[in-house]
Amino acid sequence: MSRTGVFITPRTNGDVFIKSNIEGNTDGIEKRFTVIDADGNEAAAVTVPADTAAVKMRVDSPVLWNGIKNPYLYTLKSQLIKDSEVIDEVTERFGFRDTISAQETAFRSTASTLKSRALRATRTEKTSATHSR
């Protein structure tokens with residue numbers, strides 16, 4: 001969910017998909033999207049007509065977000081431009097993250113939990129068998 005009305009979908013290959021809609025009259029208005037890296041440098045930028053609902057951008061060699069090990073975040077600055085002046089601006093932070101790894105990690109956690117439960121059940125069975133003799 002987006003608090004700003006700008007929805008960002010980053011991919012680990014550097015593609016950034018952006019969706020946003022403007023209500024009301026968009027005559028003479030443009031949207032400018034700028035991706036800024038963690039050091040404050042512009043990584044990508046595009047300007048489109050305000051009635052454009054979806055945009056694809058590309059960040060070359062993105063640094064992947066990796067939780068505590070490397071919590072690298074980018075900022076997307078979204079601006080509305082009219083007559084060469086910024087009339088509105090919002091920012092959102094995001095990271096390039098490998099969702100497959102996140103799923104595999106969750107699977108490994110689940111598998112580990114199941115293995116622990118199986119070991120506890122086996123130990124309980126052995127203990128019960130020992131005590132019933």
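This is a predicted model: local features need pLDDT of at least 70, side-chain atom pairs count only at pLDDT 80 or more; totals for chains, interfaces and linings use all residues.

**Reading strands and a pocket**

Student: Which strands pair over nine bridges, and in which sense?

Tutor: Strands count as paired when there are at least two bridges between them. Here strand 6 (residues 74-82) and strand 7 (residues 85-94) are joined by nine bridges, in the antiparallel sense. Two residues lie between the strands of this hairpin, and Asp-83 takes a positive phi near 55° there.

Student: What is the order of the strands in the open sheet?

Tutor: Read the order across the sheet. The open sheet has three strands, ordered 1-2-5, and their pairing is antiparallel. Strand 1 (6-10) and strand 5 (54-58) are the edge strands, each pairing on one side only. From one strand to the next, the twist averages 20°.

Student: How many bridges join strand 2 to strand 5?

Tutor: Strand 2 (residues 15-20) is joined to strand 5 by five bridges, with the two running antiparallel. To find your place, look for Lys-19, which stands opposite Ala-54 in strand 5.

Student: And the largest pocket: which residues lie nearest its centre?

Tutor: Look at volume and lining together. The largest pocket has a volume of about 220 Å³. Its lining has 14 residues, with Thr-4, Val-6, Leu-80, Asp-88 and Val-90 nearest the centre. Strand 3 (29-36), strand 6 and strand 7 each supply at least two lining residues. By class, the lining has five nonpolar, six polar and three charged residues.

Methods: Residues are numbered from 1 along each chain as its sequence is written. Side-chain values use heavy atoms; hydrogens and water are left out. Helices (H or I, at least four residues) and strands (E, at least two) are DSSP runs, numbered from the N terminus. Axes are lines fitted to C-alpha atoms, for helices over the stretch in contact, and angles run from 0 to 180 degrees between N-to-C directions. On a 1 Å grid over the protein atoms alone, a cavity is a set of points where a 1.4 Å probe fits but cannot get out, and a pocket is an open set with protein on both sides within 12 Å along at least five of seven lines; lining residues have an atom within 4 Å of a point. Grid points are joined across faces, edges and corners, and a volume is the space filled by probe spheres set on the points. Ala, Val, Leu, Ile, Met, Phe, Trp, Tyr, Cys and Pro count as nonpolar, Asp, Glu, Lys and Arg as charged, and the others, Gly among them, as polar.
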